[in-house]
Amino acid sequence: MQTKIEKISPLSALAIKNIEGTEGEALDFLSFREKLSYANISHPGKKTEWRGARLAIKEALECIQHPYPGFFKDEHGKSHPMDNYGYVSLTHTMGLAAAIFHKEMPVGIDLDFVREKVVRLGPKFLDPSEMDFLDNDPLHYTMAWSVKESIFKCQGKRGISLRQNILLQPFDKGARIVKGKVYDTEYTDHHYQVQLEVEQDVVLSYTIW
Ligand SMILES: CC(C)(COP(=O)(O)OP(=O)(O)OC[C@H]1O[C@@H](n2cnc3c(N)ncnc32)[C@H](O)[C@@H]1OP(=O)(O)O)[C@@H](O)C(=O)NCCC(=O)NCCS
């Protein structure tokens, strides 16, 4: 997927970053706590992904002239700005990282490679009514998976099931906006719109307002 930095609105921006070869990029912008977290990651691949996501969020913030606040993780694993101003979401996968920031609304972002096995895994993350409208196609299933992951990350709470608590409205493979809701939980009837971008075998999704 192409590297890009995009101002979605004056309040929001995202960045997609190719993370191979970012070893030399300065990390002095990180908070003390983040530097410690980074130093404690021993797996080289995980280190590269962690670094890539922080470089991506820094670039997204620069695009809307927002100073890097440093981020901390809550008990669910979701990151929050240390100054409590705004919302962030991060994603990373082989060779790529992406990040989104919104000054006023919660956000979720997800990057996935299209994999054949996602169709077989469908019953684990899809409601039967969703499988009815999805073609038997890895791309279509990956789009559904990614949208659900973005909604999950936007709401941020562990214990929400992709299959039982997130329901998507029917969409086709050409769709670039998908609607879904969180239901049957204490967060019932939260509705989301998710933007999709597909480039070769990579699907990017992120919540929009
Ligand atoms: C937490 C989860 C969304 C992470 O997704 P992933 O595809 O493994 O990884 P990604 O690279 O897209 O995202 C990783 C980032 O998600 C963020 N994250 C972790 N937990 C989060 C949460 N509860 N809410 C929001 N964001 C979260 C973190 O910032 C993490 O990056 P970091 O560790 O560098 O800080 C995922 O593991 C998950 O729990 N999904 C839903 C649960 C589920 O039902 N899974 C099984 C269905 S079959």
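**Exercise 1. Sort the residues of the shell around the ligand into nonpolar, polar and charged.**

Solution. 
Step 1. Ala, Val, Leu, Ile, Met, Phe, Trp, Tyr, Cys and Pro count as nonpolar, Asp, Glu, Lys and Arg as charged, and the others, Gly among them, as polar.
Step 2. Count. The shell divides into six nonpolar, nine polar and six charged residues.
Step 3. Know the model. The structure is predicted; local features need pLDDT of at least 70, side-chain atom pairs count only at pLDDT 80 or more, and totals for chains, interfaces and linings use all residues. Residues are numbered from 1 along each chain as its sequence is written.

**Exercise 2. Find which residues are closest to the ligand, and which elements supply the shell.**

Solution. 
Step 1. Set the cut-off. A residue is near a molecule or strand if its C-beta atom, placed from the backbone, lies within 6 Å of it.
Step 2. Apply it. The ligand is surrounded by 21 residues; His76, Gly77, Lys78, Thr91 and Gly156 are the closest.
Step 3. Two or more residues each come from helix H2 (44-63), strand E5 (87-93), helix H4 (122-125) and helix H6 (138-155). Helices (H or I, at least four residues) and strands (E, at least two) are DSSP runs, numbered from the N terminus.
Step 4. E5 gives the most to the shell, with five residues.
Step 5. Check the domains. At least three shell residues come from each of domain 1 (4-105) and domain 2 (110-208).

**Exercise 3. Describe how domain 1 touches domain 2.**

Solution. 
Step 1. Take the bounds. The protein is assigned domain 1 (4-105) and domain 2 (110-208); such bounds come from an automatic or database domain assignment.
Step 2. Taken over C-alpha atoms, the centres of the two domains are 23 Å apart.
Step 3. Count each side. Eleven residues of domain 1 and eleven residues of domain 2 form the contact. Two residues are in contact if their C-beta atoms, placed from the backbone, lie within 7 Å.
Step 4. Look at the domain 1 side. Strand E2 (12-18), E5 and strand E6 (96-102) each give two or more residues to it. Its residues divide into six nonpolar, four polar and one charged.

**Exercise 4. Locate the largest nonpolar core and its most connected members.**

Solution. 
Step 1. Define it. A nonpolar core is a set of buried Ala, Val, Leu, Ile, Met, Phe, Trp, Tyr and Cys residues joined through C-beta atoms within 7 Å. A residue is buried if 20 or more other C-beta atoms lie within 10 Å of its own, exposed if 12 or fewer, and partly exposed in between; C-beta atoms are placed from the backbone.
Step 2. The largest core has 47 residues, and Leu14, Ala56, Ile57, Ala60, Ala98, Ala99 and Phe101 touch the most other members.
Step 3. Assign the sources. H6 gives the most to this core, with eight residues. Both domain 1 (4-105) and domain 2 (110-208) contribute, so the core lies between them.
Step 4. Zoom in on Phe101. Beyond four places in sequence, its contacts include Ser12, Ile57, Ala60 and Tyr87.

**Exercise 5. Decide whether Gln164 and Phe29 are exposed or partly exposed.**

Solution. 
Step 1. Take Gln164. This residue is found in helix H7 (residues 162-165). Gln164 has 12 other C-beta atoms within 10 Å, so it is exposed.
Step 2. Take Phe29. This residue lies in the loop between E2 and helix H1 (32-39). Phe29 has 14 C-beta neighbours inside 10 Å, so it counts as partly exposed.
Step 3. Leaving aside neighbours within four places in sequence, Phe29 is in contact with Lys58 and Tyr68.
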